[in-house]
2 protein chains.
Amino acid sequence: MKSTMQEAPLLVSAILRYGAYAYGDSNVYTYHGDTTTKRSFAEIYTRSSQLAHGLASIGVSTDDRVATFSFNHNQHLEAYYAVPSMGAVLHTLNIRLFADQLSFVINDAADSVVVADVGVLPLLARVLRETPTVKHVVVVGSGDTSVLDGFNVTVHDYESLIADRPEEYPWVDIDERSAAAMCYTSGTTGNPKGVVYSHRSTYLHSLSAISGNSLGLNKDDRALVIVPMFHANAWGIPYAAFMAGADMIMPTRFLQAKPLADIIEKLRPTIASGVPTIWNDLYHYLESNPIDISCFRLISSGGAAAPEALIRGYKERFGVHLVQGWGMTETSPLVTLAMPPRGVDEEGWMKYQLSAGKPVIGTEIRVVDDSGKELPNDGKSIGELEVRGPWITGSYYNRDAPDSFDNGWLRTGDMATIDPERYMRIVDRTKDVIKSGGEWVSSVELENTIMAHEAVLEAAVIGVPDEKWDERPLACVVIKPGLNVTPEELSEFLKSRVAKWWIPERWCFVSEIPKTSVGKFDKKVLRKDVGDGRVEVLKAGS
Amino acid sequence: MKSTMQEAPLLVSAILRYGAYAYGDSNVYTYHGDTTTKRSFAEIYTRSSQLAHGLASIGVSTDDRVATFSFNHNQHLEAYYAVPSMGAVLHTLNIRLFADQLSFVINDAADSVVVADVGVLPLLARVLRETPTVKHVVVVGSGDTSVLDGFNVTVHDYESLIADRPEEYPWVDIDERSAAAMCYTSGTTGNPKGVVYSHRSTYLHSLSAISGNSLGLNKDDRALVIVPMFHANAWGIPYAAFMAGADMIMPTRFLQAKPLADIIEKLRPTIASGVPTIWNDLYHYLESNPIDISCFRLISSGGAAAPEALIRGYKERFGVHLVQGWGMTETSPLVTLAMPPRGVDEEGWMKYQLSAGKPVIGTEIRVVDDSGKELPNDGKSIGELEVRGPWITGSYYNRDAPDSFDNGWLRTGDMATIDPERYMRIVDRTKDVIKSGGEWVSSVELENTIMAHEAVLEAAVIGVPDEKWDERPLACVVIKPGLNVTPEELSEFLKSRVAKWWIPERWCFVSEIPKTSVGKFDKKVLRKDVGDGRVEVLKAGS
């Protein structure tokens, strides 16, 4: 039996229109270091319309891929809205990709236009010889563009391209399951894989993000969007904030602790999103340069597990809740968020804050064993995390990857537990798993525990071959400047905190942990460094 | 270009599954006067599964209409979930319908099963002779069912029907645009018209309702569901609360001020939903029987405009915000909600609280003139309100009604203004509009202003023919018990509050204003009473 409801497709243009209509005087602040510019949602609407006209004028039409190669700023946001709303497909390029990966993803997506910050044009120029589909580069910001001379591309100035265009665009009426945007995984093995978000998935993901038990973005919020817009849609906040009428603060390239502190002091955000390394840097900066950060109702952290010491530090020292979430490029990315259950007091919250959270409305999670059997939600059974929902990918672009899917569920490659209250805890990446004498050792938990030591800045744990136990953990540690610590002291520190047989016998001290293009520990490189003997491995007690 | 996202249809079963999974220990309280029963969301899931098995056992299959004829209680909620989730269609029957309307809607929908409270069986029995499609009556509650004897229906006891059934049901995988539920308008003219909600519209409506700028239902809430579940889905709260993990309190037939006060005192709801007459009754009861109602973070009011005096009274006397919303059966019903803009203090809020609110995410509103031209959002231009969105009806069941629609927008039959901040104010029903000397008089605003007088309990204003001005307002007033007031005193009272030429010359005093089956002023009956000379019309000053 058919319903009588209107069709009303869920489109990115509907988010844009609603935000500009209902919250036209909310603002997007773009921080340039010495100056901050402000654009109202109504202006963003107008400028997005003008950008769509500008892109159409250089030949962009339905399904064409328009890439961005930019930090977070209002022009990037305008591309987020204009490109999908005109029926084209937004492809966010990661500025930190290596050249061969960058040319691979541009060619795989067949991008025809790249909207790029003037400051990163040299990075783009490195690959333009190998990316023949790119015909236009639209440059954001003023400066020298001569690095693009000699390539077969037409160079446009962003502001000139949109100037004097009509303030309304006939946004396309398109199937909501059509492509809106795409993003490539930052997989450390093999070529990046493309994920194509639909208008529908983007709309639903945003609606879930603004629900009260999720990020709860609302009209009283001001969101500091630290996580890059080229990284899993900046966790969907550019779209969700528009739905919610929440101000946004875009920090451009100023992602270091000092300018972030300056932004917080001047613009008073209520919520922010970033990876643990950002929060860690900021925390240590604030320790010696204290400012009032009570403007935050919460800061959200994802991309990797945040150390307990850091979560405690923010709460005890600054009264700010650091709320962890879990997601990946394949999941738009929001799946779980560690908001506490009802009736839990400040101290009781910590148990939940240490988890990756429970599924937000719209998502489903489960853990399964090697044979694909679902495991109980008992907080103990460790299995591969699988997820399902309207904004979870069901395939990859141009790529067969049958091993990534399990009867309609996405296999995440993360090992996890789910407890009876449905809080999920990541134990490890499946490929980072350490099995010692037939039992799991959680590299993630070991790392977080080691990082709780006052002398430790960072720690990464990998499995190394062992004759007796098949595999044993090796801990690689970065010591805080001016401090010192020995393997013996760290082993002693772990004694009361983890199972005795988890304590590594092997330690190495390094100046920094190698990281991927999105700032995660790159254990593949670390393993290679260890395997090739490039770092010295000490034995505790030796 | 296709996206790579999973299909993941938006189904009622997904709401049920999520609520039971993520918030299995949230509760549904059913108030029976002397006792209160409690069912956890996990139990509601199990019992909904068992109800689906029970209904299947008596022949219910895909697309069959299963009606409910019930007050608000957990069994009604179980039907809300079980019927759509098994692929059948829930049809909520209004207990207060007149017999001929009741038999009309049952026949129009071709209901095969009616789930009915034992207390209202006599009302059902009055029509069973005329409703041959009804084959089964499932009785909720224990008591005498002999009134059903002699009809061609099989009578089942609800608890017996579901007892010992399996605790899981294979919920159907169905197109999200399929019918989930239907409800008939309570139109005072002509036969009721059927609106058929889809799984998709129900899901999206609920997601919007739990967003922070909307009702913002969340896990810390306990929702007192006063608005009947047979009236526009109880404003969608039974579904939204499950998504949000919010407790629900179901008051069954105890909708009078005294038991409602008892519920508030005992069960401490944080939010409630009801029509203005309920809030008015409760307010007057609390004036003489004060209790602490600070448990409320807000009470929501809809179905008709709430008088300013009432809104002020709740705020000043009890510190509780009464938040108005606007919607209708055709709109699922949530369209607008009068939450204040950011940065507005307590006193500043009143201006917004007096409006019908601004559109919630997912809906669009506009006002158009007689020729269908869109009018400016200037707070002055009065036109017919039109609405659009995924949970707005685009047609009626089994009925052509081209006059109700305007190029994809629903014509609401309400006259309204929208101000630059997008707050909408209902001026009148199009059919209640009074045009005096070519200018609008808002019957709604006049009524609310008159009701602000301390001696007035209720007031309804209708247009009556006038030789000089074509039409003039006539005010029908119900005086509070033990008080007195004259037309002259009321005219004087209005002088500083409305335009001079709005002040009625004609007044009548009645013991009560006639009301529709859903408790709204029935001006059709009032006009007839006046026209037939059944009420005495006084002239002010005469």
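**Figure 1. The largest nonpolar core and the surroundings of B:Leu217.** In the largest nonpolar core, which has 191 residues, A:Leu55, A:Leu217, B:Leu55 and B:Leu217 touch the most other members; the model shown here and in the following views is predicted. When neighbours within four places in sequence are left aside, B:Leu217 is in contact with B:Ala209, B:Ile210, B:Ala223, B:Ile237, B:Ala240, B:Ala241, B:Ala244, B:Ala246, B:Ile271 and B:Arg297.

**Figure 2. The interface of chain B and chain A.** The contact draws on 78 residues of chain B and 78 residues of chain A, and the area buried between the two chains is about 5800 Å², with carbon and sulfur atoms giving 50% of it. On the side of chain B, the residues that lose the most area to chain A are B:Met1, B:Gln6 and B:Tyr21, which together account for 16% of what that side buries. Between chain B and chain A there are 8 salt bridges, and 56 residue pairs are in polar contact across the interface, counting pairs in which both residues have pLDDT 80 or more. Helix H7 (residues 199–209) of chain B contributes 6 residues, the largest share of the side of chain B that touches chain A. Sorted by class, that side of chain B has 38 nonpolar, 23 polar and 17 charged residues.

**Figure 3. A salt bridge between A:Arg342 and B:Asp247.** Over all chains the structure holds 68 salt bridges, and in the one shown here the side chains of A:Arg342 and B:Asp247 meet at 2.8 Å, N to O. Because A:Arg342 lies in the loop between S15 and helix H12 (346–353) of chain A, while B:Asp247 lies in strand S11 (residues 247–250) of chain B, the pair joins two chains. A:Arg342 is partly exposed at 31% relative accessibility, whereas B:Asp247 is buried at 1%.

Figure 4. B:Asp221 is buried, with 3% relative accessibility, and B:Arg297 is partly exposed, with a relative accessible area of 35%. In the other pair, B:Glu421 forms a salt bridge with B:Lys351, and the closest N and O atoms are 3.6 Å apart. Here the parts tied together are 70 residues apart in sequence, because B:Glu421 lies in the loop between strand S20 (409–418) and strand S21 (424–429) of chain B and B:Lys351 in helix H12 of chain B. B:Glu421 is partly exposed at 30%, as is B:Lys351 at 45%. Salt bridges that share partners join A:Glu176, A:Arg200, B:Glu176 and B:Arg200 into one network.

Figure 5. B:Glu78, in helix H3 (residues 74–85) of chain B, is buried, with a relative accessible area of 0%. Apart from neighbours within four places in sequence, B:Glu78 is in contact with B:Ile44, B:Arg47, B:Ser48, B:Leu51 and B:Tyr158. Helix H13 (residues 443–451) of chain B is largely enclosed by the rest of the structure, because 8 of its 9 residues are buried; among them are B:Val444, B:Leu446, B:Glu447 and B:Ile450. B:Ala356, in the loop between helix H12 (346–353) and strand S16 (358–359) of chain B, is buried as well, with a relative accessible area of 9%. Beyond its neighbours within four places in sequence, the residues in contact with B:Ala356 include B:Gln324, B:Trp326, B:Leu337, B:Met424 and B:Ile426.

**Figure 6. Backbone details in loops of chain A and chain B.** The peptide bond from A:Ser332 to A:Pro333 is cis, with omega near 15°, and the bond from B:Ser332 to B:Pro333 is also cis, with omega near 10°. A:Pro333 is placed in the loop between strand S14 (322–326) and strand S15 (336–337) of chain A. A:Ala232, a residue other than glycine, has a positive phi near 50°; this alanine sits in the loop between strand S10 (222–225) and helix H8 (237–244) of chain A and is buried at 2% relative accessibility. B:Ala110 likewise has a positive phi, near 60°, and is found in the loop between helix H4 (99–109) and strand S5 (113–117) of chain B, where it is partly exposed with a relative accessible area of 29%.

Methods:
Residues numbered from 1 in each chain as written. Chains lettered and ligands numbered in written order. Heavy atoms only, no water. Contact = heavy atoms within 4.5 Å. Buried area = accessible area lost by both parts, 1.4 Å probe. Salt bridge = Lys/Arg side-chain N within 4 Å of Asp/Glu carboxyl O. Polar contact = N/O pair within 3.5 Å; in protein donor to acceptor, adjacent residues only side chain to side chain. Helix = DSSP H or I, 4+ residues; strand = E, 2+ residues; numbered from the N terminus. Nonpolar A, V, L, I, M, F, W, Y, C, P; charged D, E, K, R; others polar. Core = buried A, V, L, I, M, F, W, Y, C linked by side-chain atoms within 4.5 Å. Buried < 20%, exposed > 50% of the residue type's maximum accessible area, 1.4 Å probe, protein only.
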